[in-house]
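Subject: Structure handover

Hello,

The structure is below, followed by notes on what was found in it. Please read the notes with the coordinates open.

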Amino acid sequence: MPKPLFTRLAAICAVGLFCVLFGCVYALSQKDTILLVMSLLLGLCCIIRFLLLYHTIKTENYLILEGTCVKREKSPLTRNQKVLFRTTDGKEYRFSLEKHTRLLAGHSYRLYFKRECALEENPGKALHDPALIGYDELMEVSVEE
């Protein structure tokens, strides 16, 4: 299992567990049934999200793109950024990602996308919300003789 995908699974599990435990303990101490029900529903949603992502990872139903981030443009009034990404085989992809995704221009990355997105059929076209599930930066190793 790739490290960024494992990290995402662990984060979903940790956030869900924390919210359920804290919400249930507080709800039981305050005798608040609405908070108890909401905490349990949040836990159920986290379990479903965890299982769906785990199934995607286990069946390897994701696409891996390796390459370099050529250009990144942030728009001040939107929640997204536009990214131009060039793979190692020379194909260019343009897509829109959330602003909190920290891709730096000139750095090499390995990006993991859900397979149902249309990246495979549309290299070069701008894609909105391509279902990025994880990424990691590739460190270049120089060999000195």
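A residue is called buried under 20% relative accessible area, exposed over 50%, and partly exposed in between (1.4 Å probe, protein chains only). The model is predicted, so local features need pLDDT of at least 70 and side-chain atom pairs count only at pLDDT 80 or more, while totals for chains, interfaces and linings use all residues. Residues are numbered from 1 along each chain as its sequence is written, and side-chain values use heavy atoms, with hydrogens and water left out.

Overall layout

The chain has two helices and six strands, in the order α-α-β-β-β-β-β-β along the sequence. Helices (H or I, at least four residues) and strands (E, at least two) are DSSP runs, numbered from the N terminus. Of the 145 residues in the chain, 30% are buried. Contact here means heavy atoms within 4.5 Å. Among contacts in the chain with a separation of 6 or more, 55% are between residues 24 or more positions apart.

The helices

Helix H1 covers residues 3–30 and helix H2 residues 33–58; they pack at an angle of about 165°, with their axes 8 Å apart. H1 is therefore roughly antiparallel to H2. Axes are lines fitted to C-alpha atoms, for helices over the stretch in contact, and angles run from 0 to 180 degrees between N-to-C directions. Angles under 35 degrees count as roughly parallel, over 145 as roughly antiparallel, 65 to 115 as roughly perpendicular, and the rest as oblique. The crossing of H1 and H2 is left-handed, a term used if the near helix is turned anticlockwise from the far one by less than a right angle (right-handed if clockwise).

Leu 53 is in helix H2 and is buried, because its relative accessible area is 7%. Leaving out residues up to four places away in sequence, Leu 53 touches Arg 8, Leu 9, Ile 12 and Ile 133. Leu 53 and Arg 8 are 45 residues apart in sequence, with 8.9 Å between their C-alpha atoms. Leu 51, also placed in helix H2, is partly exposed because its relative accessibility is 48%. From Leu 51 to Leu 9 the C-alpha distance is 9.1 Å, at 42 residues apart in sequence.

The cores

A nonpolar core is a set of buried Ala, Val, Leu, Ile, Met, Phe, Trp, Tyr and Cys residues joined through side-chain atoms within 4.5 Å. The largest one has 13 residues, and those with the most contacts inside it are Val 83, Phe 85, Phe 95, Leu 103, Leu 111 and Phe 113. Strand E1 (62–74), strand E2 (80–87), E3 and E4 each give two or more residues to this core. Apart from it lies another core, of eight residues, including Leu 5, Leu 9, Ile 57 and Tyr 112. Val 83 touches Cys 69, Lys 71, Tyr 93, Arg 94, Phe 95, Leu 97 and Leu 103, not counting residues up to four places away in sequence.

The loops

Which residues have a positive phi without being glycine? Lys 31 has phi near 55°, and so does Glu 60. Most residues other than glycine have a negative phi. Lys 31 lies in the loop between H1 and H2 and counts as exposed because its relative accessibility is 75%. Glu 60 is in the loop between H2 and E1 and is exposed, with a relative accessible area of 57%.

Thr 88, in the loop between E2 and E3, counts as exposed at 71% relative accessibility. Beyond its neighbours within four places in sequence, Thr 88 is in contact with Glu 66 and Gly 67. Thr 88 and Leu 65 are 23 residues apart in sequence and 8.6 Å apart, C-alpha to C-alpha.

Is Thr 101 buried or exposed? Thr 101 is in the loop between strand E3 (92–98) and strand E4 (108–114), and counts as buried because its relative accessibility is 6%. Apart from neighbours within four places in sequence, Thr 101 is in contact with Gln 81, Leu 132 and Tyr 135.

Regards
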